[in-house]
Amino acid sequence: MFKKSLMLLACLMSFGFAANMDANKSDALNLNVVKNIKVAHKMSDLSKSCVECHAKETPGIVADWKNSRHAHVGVSCMDCHSVNADNPMASVKVHPKDSNNHVSMLVSPKTCAKCHENEVEESVKSGHARGAMQMYANPAMVKLMYHYEGMDHPEYKMAPDATGCTQCHGTVIKLDADHKPTKETWPNYGIGNVYPDGGVGNCKSCHSAHTFSIAEARKPAACASCHLGPDHPDIEIFNNSMHGHIYNSEAHKWNFDAAPDTWDVPDFRAPTCAACHMSGVGETTTTHNVSRRLKWNLWGVSSKLRTAGDEQAAVVYEKTGKLTIGTPLAGHPNGPEAARAEMKLVCKVCHTSTHTDNFFIMGDKQVELYNVYSAEATKMLEELKAKNLLLEDAWSDEFQDVYYHMWHHEGRRMRQGALMGGPDYSHWHGVFEVKNDIRKLRKIYKERIESGKVQ
C-alpha cells in the first residue's frame with residue numbers, strides 16, 4: 001500500500017502542476033464539437049486541421065477523443081495515425097492532400113507501444129495475442145469456417161469468419177491496392193489481430209476507440225463481448241457467482257477511474273474480470289498478460305498445467321513472420337504454482353486463507369475429474385480412428401460431434417464454472433452434460449467395435 005500511496009501522491013502532484021500550467025496558457029484547448037470547432041493547443045497545425053475537419057466529417061470520433069485522457073495530455077490524431085511513407089500500412093496518397101503526410105486508418109500495437117511499451121509487451125506474452133494464430137494455423141478451423149459453415153460459396157464463404165470468429169479472435173489484416181484494409185479483414189475488434197506492420201494484438205478490443213477508457217476496460221462488459229455463449233460463458237458464470245451478484249447489485253456506486261496500480265478495495269467491493277486477471281489488487285502489480293495468474297488451461301480437449309515461459313506465439317510471429325500454434329500455453333513465467341499463488345493474492349484482499357485454499361482445492365478436483373472423462377473419450381476416439389471407424393466429415397459423424405461438444409462446450413463450462421464460482425455452470429450445464437456425453441460415446445464406440453463399421 002505504501003507503493004500505491006506514493007504513486008497516487010505523485011500523480012496528484014503532476015496533475016496539479018499540469019492544471020496550473022494550463023491555467024496560465026493563453027491558447028487553452030476548446031473542443032466543442034457541437035458547434036464549429038476551433039483548436040488552439042500545443043498541437044501542430046496539421047493536427048489541428050485534422051481535428052477541425054473530422055469534427056465535421058466524423059463528429060463521434062472527435063467527441064470520443066476530446067473526452068479522452070489522450071486529448072487532455074495533447075496526444076492527437078497524428079500521433080497515432082501518421083506514419084512514414086515506407087510503412088506497409090501507409091496511405092498511397094498523402095493526407096491531407098496539400099501535405100506530405102501519410103496516414104493509416106489502422107493503428108497497431110506497435111504504435112501504442114511508443115508510449116505503452118510495458119502494456120504491449122505483457123499483452124504479447126498472453127493468450128490473447130494468440131487469438132488469430134490459433135485459427136489460421138489450424139487447418140481444421142479454417143475448413144470449418146470456409147468449407148462447412150461457408151459452404152465454399154464463392155461469394156459468401158468468408159462471411160462466417162468476418163462477422164463471427166475474427167471479431168473475437170482477430171484476423172490477419174490484409175490491404176488492397178490503395179493500402180486500405182479489405183472488407184474481409186476490417187473493421188475488426190478481435191483481440192489477436194495481426195497487422196501488416198507485424199504488430200500483434202488489439203488494444204481497442206478492451207479500450208474502445210477513441211476514448212480508450214480505463215474505466216470501461218475494468219467492467220465485465222468489456223470482456224463479455226467475447227467471453228460468453230455455449231462454449232465459454234464466462235460472463236454468465238460471473239453473473240451466476242457471488243461476485244457477480246454483488247457487482248450487479250451495487251457496481252454503479254464503485255470507483256472505476258482510479259489510476260493504474262491503485263485500483264483496489266474500497267474502490268470496489270467484489271472483483272470484476274479485470275480485478276482478478278489484470279489489476280494491481282493488494283500485493284499484486286497490474287499486468288496486461290491475462291494468462292499470468294492462470295494455473296490451468298481450461299479450454300482444451302484436456303486441461304494441462306500452464307508451464308510456459310515468455311516465448312509465446314506473438315513473439316514467434318515477430319521473429320519469423322509465420323503463424324504458429326505450436327508454442328507453449330501462455331502463463332506465469334515461473335510456472336503454474338506461481339500463477340496460482342499470484343491469483344491467491346487477489347483473493348487475500350477479501351477472503352481468509354482457509355476460504356481461498358478450500359475453494360481452489362475443490363475447483364482443481366473438478367478440473368481433474370473432467371480430465372478423467374476426457375482421457376476415456378480420447379482413448380475411444382483414437383481406437384476408432386486406428387480402425388478406420390470414423391467418417392471423414394467429423395460434423396456428420398455422431399461420435400465426433402458428441403466428442404467435440406463434450407470438451408468444447410460442456411467440458412469448458414464444467415471447468416470454468418468450477419474455478420469462477422458459477423455452480424449452475426459447473427454442474428447442470430457442465431458435469432451433468434459431460435456424464436451424458438460419455439454414455440453416448442461408449443454406446444457408439446461399442447456398436448462400431450462390435451460391427452466393424454460406422455452405423
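**Asn 388 and its loop**

I started with Asn 388, and in this predicted model the residue counts as exposed, at 67% relative accessibility. I found Asn 388 in the loop between α18 and α19. I also checked the backbone there: phi of Asn 388 is near 55°, a positive value in a residue other than glycine. I made a note of this because most residues other than glycine have a negative phi.

**The helices on either side, and α20**

I then looked at how the helices pack, using the angle between the axes and the distance between the axes. For α18 (residues 353-386) and α19, I get axes that come within 9 Å and cross at roughly 170°. The cut-off for roughly antiparallel is over 145 degrees, so α18 is roughly antiparallel to α19. I sorted the residues of that contact by class and got 17 nonpolar, six polar and two charged.

Next came α19 (residues 398-419) with α20 (residues 423-451): the angle is about 155° and the axes are 8 Å apart. That makes α19 roughly antiparallel to α20 as well. I logged 13 nonpolar, six polar and seven charged residues in the contact of α19 with α20. The crossing of α19 past α20 is left-handed.

**Asp 261**

I placed Asp 261 in the loop between α14 (242-250) and α15 (273-277). Is Asp 261 buried or exposed? I have it down as buried, because its relative accessibility is 9% and the cut-off for buried is under 20%.

**Aromatic rings**

I searched the whole structure for aromatic pairs and got nine. One of them is Tyr 247 with Trp 254, edge-to-face, at 5.8 Å centre to centre and 70° between the planes. I checked burial for both partners: Tyr 247 is buried at a relative accessible area of 16%, and Trp 254 is buried at 12%.

Another pair I wrote down is Trp 395 with Tyr 404, also edge-to-face, with 4.9 Å between centres and 80° between planes. Trp 395 counts as partly exposed, at 35% relative accessibility.

I followed the ring pairs onward and got a cluster that links Phe 238, Tyr 247, Trp 254, Phe 256, Trp 263 and Phe 268.

**Charges over rings**

I looked for charged side chains over ring faces. Arg 415 lies over the face of Tyr 370, at 3.8 Å from the ring centre. Lys 204 lies over the face of Tyr 189, at 5.2 Å from the ring centre.

**The loop between α10 and α11**

I went through the loop between α10 (159-169) and α11 (214-218), which holds Glu 184. Glu 184 counts as partly exposed, with 27% relative accessibility.

Which residue forms a cis peptide bond with Pro 187? I have Trp 186 as the partner, with omega near 10°, and Pro 187 is in the loop between α10 and α11. A cis bond also joins Ala 209 and His 210, with omega about 0°. His 210 is in the loop between α10 and α11 too. I flagged these bonds because most peptide bonds are trans.

Definitions and conventions:
Residues are numbered from 1 along each chain as its sequence is written. Side-chain values use heavy atoms; hydrogens and water are left out. Rings of Phe, Tyr and Trp (its six-membered ring) pair if their centres lie within 6.5 Å; planes under 30 degrees apart count as stacked, over 60 as edge-to-face and the rest as tilted. Buried means under 20% relative accessible area, exposed over 50%, partly exposed in between (1.4 Å probe, protein chains only). A charge sits over a ring if NZ of Lys or CZ of Arg is within 6 Å of the ring centre and within 35 degrees of the ring normal. Axes are lines fitted to C-alpha atoms, for helices over the stretch in contact, and angles run from 0 to 180 degrees between N-to-C directions. Helices (H or I, at least four residues) and strands (E, at least two) are DSSP runs, numbered from the N terminus. Angles under 35 degrees count as roughly parallel, over 145 as roughly antiparallel, 65 to 115 as roughly perpendicular and the rest as oblique. A crossing is left-handed if the near helix is turned anticlockwise from the far one by less than a right angle, and right-handed if clockwise. Ala, Val, Leu, Ile, Met, Phe, Trp, Tyr, Cys and Pro count as nonpolar, Asp, Glu, Lys and Arg as charged, and the others, Gly among them, as polar.
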